[in-house]
Amino acid sequence: MTALPMTAEKASRSARKAKGEGHVRRAEILQAAERLFVECGYEGATIRRIADEVGVSSTALYMHFRDKSEILLEICEAGFAKLLALTEAIDAEAYSPREAVKRRLQAYVAFGFENPNAYRLIYMTRPGEAGGAQVVAQRVGRSLFERFREPLETLQVQGRLRTDADAAAQMLWAGAHGVVSLMITKPYFDWAARETLVCGVLEAILSDLISE
């Protein structure tokens with residue numbers, strides 16, 4: 001007897017992960033959602049689409065997350081946690097104020113290139129698009145910015161900063177963000193070697209703002 005062809009619906013169900021198969025790791029959902037938020041936008045990345053990407057039912061996904069705003073919130077919190085850990089590691093070393101600023105910028109840039117999807121969600125999402133995650137981004141992001149500004153405040157007290165610490169921090173952040181955002185969103189451009197470009201841009205701004 002000839003077997004009947006499998007319908008698309010049955011094929012989709014058969015591709016889903018069976019119950020008990022790792023019980024659907026939260027990490028899989030977060031990774032899939034991170035990609036889809038970037039590719040489809042927050043509105044386009046529906047729960048059903050995320051579930052299909054992971055290979056589970058929407059019902060199974062709801063066992064781990066209340067809704068997609070909670071997924072986005074966790075992605076943003078994880079990204080900020082990585083940046084905070086990098087900042088704390090730098091703070092633990094006895095760097096000069098200028099070197100501390102440079103190291104923090106390098107860590108920020110490295111985070112962006114190593115986590116391009118998370119970076120785009122955290123720093124390149126339009127106002128209002130991130131839902132409840134935006135409040136966390138503003139609060140935690142402000143805290144990280146203030147920590148970044150601390151060595152610049154020391155340089156200002158020493159009379160080595162050519163502007164105030166807050167303006168200098170914003171200029172440096174804008175420069176670092178510019179490099180990261182351009183290179184991860186315009187990969188087709190014939191960029192110079194990443195290290196050459198990053199070091200050149202950061203050193204140019206640092207040298208212009210900080211006197212020896």
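Predicted model: local features only at pLDDT ≥ 70, side-chain atom pairs only at ≥ 80, totals over all residues.
Residues are numbered from 1 along each chain as its sequence is written, and side-chain values use heavy atoms, with hydrogens and water left out.

Back to the pair. Both Arg103 and Glu99 sit in helix α6 (residues 97-114), 4 residues apart, which is about one turn of the helix; helices here are DSSP runs of H or I with at least four residues, strands are runs of E with at least two, and both are numbered from the N terminus. Arg103 counts as partly exposed at 34% relative accessibility, and Glu99 is also partly exposed, at 24%, given that buried means under 20% relative accessible area, exposed means over 50%, and partly exposed lies in between, with a 1.4 Å probe and protein chains only. Elsewhere, salt bridges that share partners join Glu88, Asp91, Arg104 and Arg147 into one network.

How many salt bridges does the rule give? The count comes to 12. One of them links distant parts of the chain: Glu74 in helix α5 pairs with Arg26 in helix α2 (residues 26-44), 48 residues apart, and their closest N and O atoms are 2.5 Å apart. Glu74 is partly exposed at 24% relative accessible area, as is Arg26 at 34%. Another salt bridge joins the side chains of Arg66 and Asp67, at 3.7 Å from N to O; here Arg66 counts as exposed, with 58% relative accessibility, whereas Asp67 is partly exposed at 27%.

Leaving aside neighbours within four places in sequence, Arg98 is in contact with Leu155, Arg160, Glu203, Leu206, Ser207, Ile210 and Glu212, contact meaning heavy atoms within 4.5 Å.

Now to helix packing. Helix α5 (residues 68-91) and helix α7 (residues 116-123) pack at an angle of about 105 degrees, with their axes 10 Å apart; the axes are lines fitted to C-alpha atoms over the stretch in contact, and angles run from 0 to 180 degrees between N-to-C directions. The two helices, α5 and α7, are therefore roughly perpendicular, a class that covers 65 to 115 degrees, with under 35 counted as roughly parallel, over 145 as roughly antiparallel and the rest as oblique. On the α5 side the contact is made by Leu72, Ile75, Cys76, Gly79, Phe80 and Leu83, and on the α7 side by Leu121, Ile122 and Tyr123. These residues divide into 8 nonpolar, 1 polar and no charged.

Finally, the chain as a whole. The secondary structure comes to 10 helices and 0 strands. Of the 212 residues, 37% count as buried, and among contacts between residues at least 6 apart in sequence, 69% join residues at least 24 apart. The accessible surface comes to about 12,300 Å², of which 53% belongs to carbon and sulfur atoms, the areas coming from the Shrake-Rupley method with a 1.4 Å probe.

Notes:
Nonpolar A, V, L, I, M, F, W, Y, C, P; charged D, E, K, R; others polar. Salt bridge = Lys/Arg side-chain N within 4 Å of Asp/Glu carboxyl O.
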